[in-house]
Amino acid sequence: MEAEDPGRFSWANWFSLSDLTIPRHKRDWLEVSTLEMGINAVLAGQGICLASYCLVKDLINSGLLVRPFPLQIEPGQRFSLLYDPNSPRKPRIDIFTDWLKQELIDDCIVSPSDAGQFAR
């Protein structure tokens with residue numbers, strides 16, 4: 001299965017990064033509107049899909065899904081937290097920023113090294 005606009009999660013991208021070669025005419029897939037629809041279709045036994053580990057880690061850990069290959073493609077999302085550096089609320093903003101960074105790390109949305117790129 002593949003989402004309508006898969007971005008980096010396309011099968012073409014996955015095959016180019018893996019060592020597997022399957023002729024295009026031997027590949028059939030169902031195109032779904034959202035990644036969530038693809039994951040639900042896989043859970044219903046309708047095939048396989050590419051998904052961010054962050055979205056499916058609980059399903060993998062519970063045994064509902066398996067990850068047959070070690071290859072991992074992540075979306076490379078970027079986040080911006082904007083605030084006035086002269087705000088009188090700066091101490092509260094710093095506390096919130098630290099909390100948000102940790103949440104993003106804990107949920108696998110960013111790596112610890114990427115979280116360090118948040119500027120203060």
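The questions and answers below go through a predicted model, from its overall make-up to single residues.

Me: What share of the contacts between residues at least 6 apart in sequence joins residues at least 24 apart?
Reply: The protein has 120 residues, and 27% of them count as buried. Among contacts between residues at least 6 apart in sequence, the share that joins residues at least 24 apart is 56%.

Me: Which residues lie nearest the centre of the largest pocket?
Reply: The largest pocket has a volume of about 730 Å³, and its lining is made up of 33 residues. The elements that give two or more residues to this lining are α1 (11–17), α2 (35–43) and α3 (53–61). Of the lining residues, those nearest the centre of the pocket are W11, I48, C49, L50 and P68.

Me: How many residues in the lining of the largest pocket are nonpolar?
Reply: Sorted by class, the lining of the largest pocket includes four polar residues and five charged ones. The remaining class in that lining, the nonpolar one, has 24 residues.

Me: How wide is the arc that the buried residues of α2 cover around the axis?
Reply: In α2, the residues G38, I39, A41 and V42 are buried. They are placed on the same side of α2, because the arc that they cover around the axis is only 160°.

Me: Which elements are included in what covers the buried residues of α3?
Reply: The buried residues in α3 are C54, V56, K57 and L59. For α2, what covers the buried residues includes β2 (31–32) and α3. In the case of α3, what covers the buried residues includes α2 and α4.

Me: Which residue takes a positive phi just after α3?
Reply: Just after α2, a positive phi of about 85° is taken by G45. Just after α3, a positive phi of about 90° is taken by G63.

Me: How far apart are the closest N and O atoms in the salt bridge of K90 with D94?
Reply: A search of the whole structure finds one salt bridge, and K90 forms a salt bridge with D94. These two residues are four apart in helix α4 (residues 90–106), so about one helical turn separates them.

Me: Is D94 buried or exposed?
Reply: A residue counts as buried when its relative accessible area is under 20%. The relative accessibility of D94 is 18%, and therefore D94 counts as buried.

Me: Is R24 buried or exposed?
Reply: R24 has its place in the loop between α1 and β2. The C-alpha atom of R24 is separated by 9.4 Å from that of A12, and these residues are twelve apart along the chain. A residue counts as exposed when its relative accessible area is over 50%. Because its relative accessibility is 53%, R24 counts as exposed.

Definitions and conventions
Residues numbered from 1 in each chain as written. Predicted model: local features only at pLDDT ≥ 70, side-chain atom pairs only at ≥ 80, totals over all residues. Heavy atoms only, no water. 1 Å grid on protein atoms, 1.4 Å probe; cavity = no way out; pocket = protein on both sides within 12 Å on 5 of 7 lines; lining within 4 Å. Points joined across faces, edges and corners; volume = space filled by probe spheres on them. Nonpolar A, V, L, I, M, F, W, Y, C, P; charged D, E, K, R; others polar. Buried < 20%, exposed > 50% of the residue type's maximum accessible area, 1.4 Å probe, protein only. Arc of directions from axis to C-beta. Contact = heavy atoms within 4.5 Å. Salt bridge = Lys/Arg side-chain N within 4 Å of Asp/Glu carboxyl O.
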